[in-house]
Amino acid sequence: MYMAKKPNFIELKKLFEANKDFELTDAQYEKKTGVPLPKNKYYTVTNSALAKLAKIHGYSVEIVEKRVILKRK
């Protein structure tokens, strides 16, 4: 059975303790925690270790997907 690596939240706890909104790219999250964001958006927002830690610190998790904007010249 495959066991997923657990995220290291030391760097994120510093951001939570600043009591200000913040955002991270996928790459920044992975660099700070040592693991990629979970692939399932619903799970990430509601039941992931990140969601549970955010709730403890009075935060909620939102995921804003990448956008591609094509404009006519």
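Student: Which residues do ring pairs link into a cluster?
Tutor: The cluster consists of F16, F22 and Y59, and the search of the whole structure finds 3 aromatic pairs. This is a predicted model, in which local features need pLDDT of at least 70 and side-chain atom pairs count only at pLDDT 80 or more, while totals for chains, interfaces and linings use all residues. Residues are numbered from 1 along each chain as its sequence is written, and side-chain values use heavy atoms, with hydrogens and water left out.

Student: What makes the pair of F16 and Y59 edge-to-face?
Tutor: Rings of Phe, Tyr and Trp (its six-membered ring) pair if their centres lie within 6.5 Å; planes under 30 degrees apart count as stacked, over 60 as edge-to-face and the rest as tilted. The centres of F16 and Y59 are 4.9 Å apart and the planes are at 65°, so the pair is edge-to-face.

Student: Why is the pair said to tie parts together?
Tutor: F16 lies in helix 1 and Y59 in the segment after helix 4 (49-56), so the pair joins parts 43 residues apart in sequence. Helices (H or I, at least four residues) and strands (E, at least two) are DSSP runs, numbered from the N terminus.

Student: Why is T44 called buried?
Tutor: Buried means under 20% relative accessible area, exposed over 50%, and partly exposed in between (1.4 Å probe, protein chains only). T44 has a relative accessible area of 1%, so the residue is buried. T44 lies in helix 3 (residues 41-46). Not counting residues up to four places away in sequence, T44 touches L37, P38, A51, V61 and I63, where contact means heavy atoms within 4.5 Å.

Student: How do you know how helix 1 lies against helix 2?
Tutor: Helix 1 (residues 10-17) and helix 2 (residues 26-33) pack at about 115°, with axes 7 Å apart. That makes the two helices roughly perpendicular: angles under 35 degrees count as roughly parallel, over 145 as roughly antiparallel, 65 to 115 as roughly perpendicular and the rest as oblique. Axes are lines fitted to C-alpha atoms, for helices over the stretch in contact, and angles run from 0 to 180 degrees between N-to-C directions. E11, L12 and L15 of helix 1 meet Y29, K32 and T33 of helix 2.

Student: How does the protein compare with a compact globule?
Tutor: The protein has 4 helices and 0 strands. Its radius of gyration is 14 Å, well over the 11 Å that the globule rule gives for 73 residues, so the protein is more spread out than a compact globule. The radius is taken over C-alpha atoms, and the rule is 2.2 Å times the number of residues to the power 0.38.
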